Amino acid sequence: MQVLQVQLEVGPDPAEVGRARRWARRRLAGSGIGDDEPLAETLVLLISELVTNAVVHTGCPAVLRMLFAAEGGVRVEVADSSELPPRPRHAAGEDTNGRGLELVDGLADRWGWQPEGAGKSIWCEVDRTPGGPAPLPAPGGGVSSPGRVPC
């Protein structure tokens with residue numbers, strides 16, 4: 001399986017989330033996924049949620065990676081320096097946060113997390129076509145979360 005990987009270092013500032021979204025849109029367009037495709041909007045939203053979680057919950061720099069499989073799948077990974085796994089949160093109706101991983105679970109075909117170095121990586125995958133390609137290979141294995149786990 002042929003995979004193209006691109007990555008962006010993200011600072012510990014919430015303003016970096018917007019920069020990550022703009023960077024992702026350019027990389028998606030460069031891979032042949034146009035801005036007008038629903039897949040692009042889904043991936044940008046997933047990236048926004050994962051980068052926001054890393055920046056807000058760790059207060060440390062993170063690394064955003066996108067992996068493009070020749071078969072059409074896209075894997076998004078956000079690595080941070082916290083070894084703590086994603087912590088389930090239950091947002092009430094009026095809460096303004098606490099729904100990030102719930103969105104990831106609803107939009108991604110697969111998602112999970114895995115230890116990475118002294119921290120962790122949270123990842124998600126989106127197939128380009130229904131019943132699309134097999135999951136992208138996860139570097140170093142990982143823990144999959146098939147059920148709904150809000151942040």
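Let me start at a turn. In the hairpin of β2 and β3, four residues lie between the strands, and glycine 72 there has a positive phi near 115 degrees. Strands here are DSSP runs of E with at least two residues, helices are runs of H or I with at least four, and both are numbered from the N terminus. This is a predicted model, in which local features need pLDDT of at least 70 and side-chain atom pairs count only at pLDDT 80 or more, while totals for chains, interfaces and linings use all residues. Residues are numbered from 1 along each chain as its sequence is written, and side-chain values use heavy atoms, with hydrogens and water left out.

Now the strand order. β1 and β2 are antiparallel and pair over eight bridges; to count as paired, two strands need at least two bridges between them in DSSP. Glutamate 9 is opposite valine 63 in β2. β2 is then joined to β3 by seven bridges, also running antiparallel, and alanine 62 faces aspartate 80 of β3 across that pairing.

From β3, residues 74-80, the next partner is β5, again antiparallel, over seven bridges. Valine 74 is the residue opposite valine 126 in β5. β5 also pairs with β4, residues 110-116, through seven bridges in the antiparallel sense, with tryptophan 113 opposite isoleucine 122 of β5. β4 and β5 make a hairpin too, with two residues between them, and glycine 117 in that turn has a positive phi of about 60 degrees.

Next, cover. How many residues of β5 are buried? In β5, residues 119-126, eight of eight are buried, where buried means under 20% relative accessible area, exposed means over 50%, and partly exposed is in between, for a 1.4 Å probe and protein chains only. For β2 the count is seven of its eight residues.

Valine 76 lies in β3 and is buried, at a relative accessible area of 0%. Cysteine 124 is buried as well, at 1%. The C-alpha atoms of valine 76 and cysteine 124 are 5.4 Å from each other, although 48 residues separate them along the chain.

On cysteines: cysteine 60 is partly exposed, with a relative accessible area of 26%. The whole structure contains zero disulfides, taking a disulfide as two cysteine sulfur atoms within 2.5 Å.

What sits inside? The largest nonpolar core has 33 residues, and Leu43, Val51 and Leu64 have the most contacts inside it. Such a core is a set of buried Ala, Val, Leu, Ile, Met, Phe, Trp, Tyr and Cys residues joined through side-chain atoms within 4.5 Å. Elements giving two or more residues to this core include β1 (3-10), α1 (16-30), α2 (38-58) and β2 (62-69). The most comes from α2, with 10 residues.

Last, the surface. Leu45, Leu103 and Leu107 form a nonpolar patch with about 200 Å² of accessible area together. Areas are from the Shrake-Rupley method with a 1.4 Å probe, and for residues only the protein chains shown count as cover. A patch takes residues with over 30% relative accessible area and no salt bridge, joining like charges within 9 Å and nonpolar side chains (Val, Leu, Ile, Met, Phe, Trp, Tyr) within 5 Å; a salt bridge is a side-chain nitrogen of Lys or Arg within 4 Å of a carboxyl oxygen of Asp or Glu. Leucine 103 belongs to helix α3, residues 100-107, and is partly exposed at 36% relative accessible area.
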